[in-house]
Amino acid sequence: MFLLGTLVNGLLIVVGTLLGKWLNRIPESMKQTVMYAIGLSVMVLGLQMGLKSENFLIVIISLVVGAVSGELLKLEEKLNDLGGWLERRVGSNGNGSISEGFVTATLIFVIGAMAIIGALDSGIRGDHDVLYTKSLIDGFTALILTTTLGIGVIFSAIPVVLYEGLIALFATQIDRFVPKELMDQFIVEMTATGGVMIFAIGLNLTGMIKIKVANLLPGIVVTGIIVSVIYGYHHLF
């Protein structure tokens, strides 16, 4: 079952959120310190991923073009609107806005190599180990985020399942028309581009600055286009 890893990932996010809601009586000062710790950890993770690029110019161009596209499409605004709609449907949230919890958690759980690599492994080889590992990390992260950002974190399971599920479904056929070398190159540069975005999320979590990370998301698509063009050029000439 190629969706097994994806479903486990979504389930553990829900479980982590519910446990975090149950533990919401943690002192405010402790929550703040924990959030700083998460933010710093996310920044280090993003930095490690960003340094894996084999051609950082691809990362820079992808982020710049992605940022312009994201601003034109107003992706951050639309994500916040979706979070606001959820907030109106569900009701008030004692630990902050449901929109903030939903958007922050969605970006953390969706951006990154593990989501794509894990979903590809599930679809191509039926191997769910990467997504199982990601599920444990996401579940624990959801628990901690919920103690500070509230129940909105639980709704991030929906885009995570849809995102990983579509990739896994696509991956069941990908080896028929995408060469392995091209896929490997894309994963390397996508990891680096996503790492910069994750670093930005860490900055947001520490409260140091507010970056519209969702508006950078088209950069992942741009990375795929650039890598494909370079691959095609090298094989033509």
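What radius of gyration does the chain have, and what value would a compact globule with 237 residues have? With that as background, which residues make the contact between H1 and H8?

Reply: The model is a predicted one, and the chain as a whole is the place to begin. A compact globule with 237 residues would have a radius of gyration near 18 Å, and the chain has 18 Å, which agrees. Along its principal axes, the C-alpha trace spans about 60 × 40 × 30 Å. The secondary structure comes to ten helices and zero strands, so that, read from the N terminus on, the order of elements is α-α-α-α-α-α-α-α-α-α. Of the 237 residues, 49% count as buried, and among the contacts with a separation of 6 or more, 83% are accounted for by residues 24 or more positions apart.

Now to the part you ask about. Two packed helices are described by the angle between their axes and the distance between the axes. For helix H1 (residues 4–22) and helix H8 (residues 157–174), the axes come within 9 Å and cross at roughly 170°. An angle over 145 degrees counts as roughly antiparallel, and H1 and H8 are therefore roughly antiparallel to each other. On the H1 side the contact is made by Thr6, Leu7, Asn9, Gly10, Ile13 and Val14, while H8 contributes Ala157, Val160, Val161, Glu164 and Gly165. Sorted by class, this contact has six nonpolar, four polar and one charged residues.

H8 itself has 18 residues and reaches 25 Å from its first C-alpha to its last, close to the 26 Å expected at 1.5 Å a residue. Its buried residues are Ala157, Val160, Glu164, Gly165, Ile167, Ala168, Ala171 and Ile174. Ala157, Val160, Glu164 and Gly165, which are buried in H8, are also among the residues of H8 that take part in the contact with H1.

Helix H2 (residues 28–50) has 23 residues and reaches 33 Å between its first and last C-alpha, close to the 33 Å expected at 1.5 Å a residue. In H2 the buried residues are Lys31, Met35, Ile38, Gly39, Val42, Met43, Gly46, Met49 and Gly50.

With a relative accessible area of 9%, His128 is buried. Asp127, found in the loop between helix H6 (113–124) and helix H7 (129–149), counts as partly exposed at 24% relative accessibility. Asp127 touches Gly118, Asp121 and Ser122, again not counting residues up to four places away in sequence. Although Asp127 and Asp138 are eleven residues apart in sequence, their C-alpha atoms are 19 Å apart in space.

A last point concerns the backbone. Most residues other than glycine have a negative phi. Lys74, however, has a phi near 55°, a positive value in a residue other than glycine. Lys74 has its place in the loop between helix H3 (56–73) and helix H4 (75–90), where its relative accessible area of 46% makes it partly exposed.

Methods. Residues are numbered from 1 along each chain as its sequence is written. This is a predicted model: local features need pLDDT of at least 70, side-chain atom pairs count only at pLDDT 80 or more; totals for chains, interfaces and linings use all residues. Side-chain values use heavy atoms; hydrogens and water are left out. Helices (H or I, at least four residues) and strands (E, at least two) are DSSP runs, numbered from the N terminus. The expected span of a helix is 1.5 Å times one less than its number of residues. Buried means under 20% relative accessible area, exposed over 50%, partly exposed in between (1.4 Å probe, protein chains only). Axes are lines fitted to C-alpha atoms, for helices over the stretch in contact, and angles run from 0 to 180 degrees between N-to-C directions. Angles under 35 degrees count as roughly parallel, over 145 as roughly antiparallel, 65 to 115 as roughly perpendicular and the rest as oblique. Contact means heavy atoms within 4.5 Å. Ala, Val, Leu, Ile, Met, Phe, Trp, Tyr, Cys and Pro count as nonpolar, Asp, Glu, Lys and Arg as charged, and the others, Gly among them, as polar. The radius of gyration is taken over C-alpha atoms; the globule rule is 2.2 Å times the number of residues to the power 0.38.
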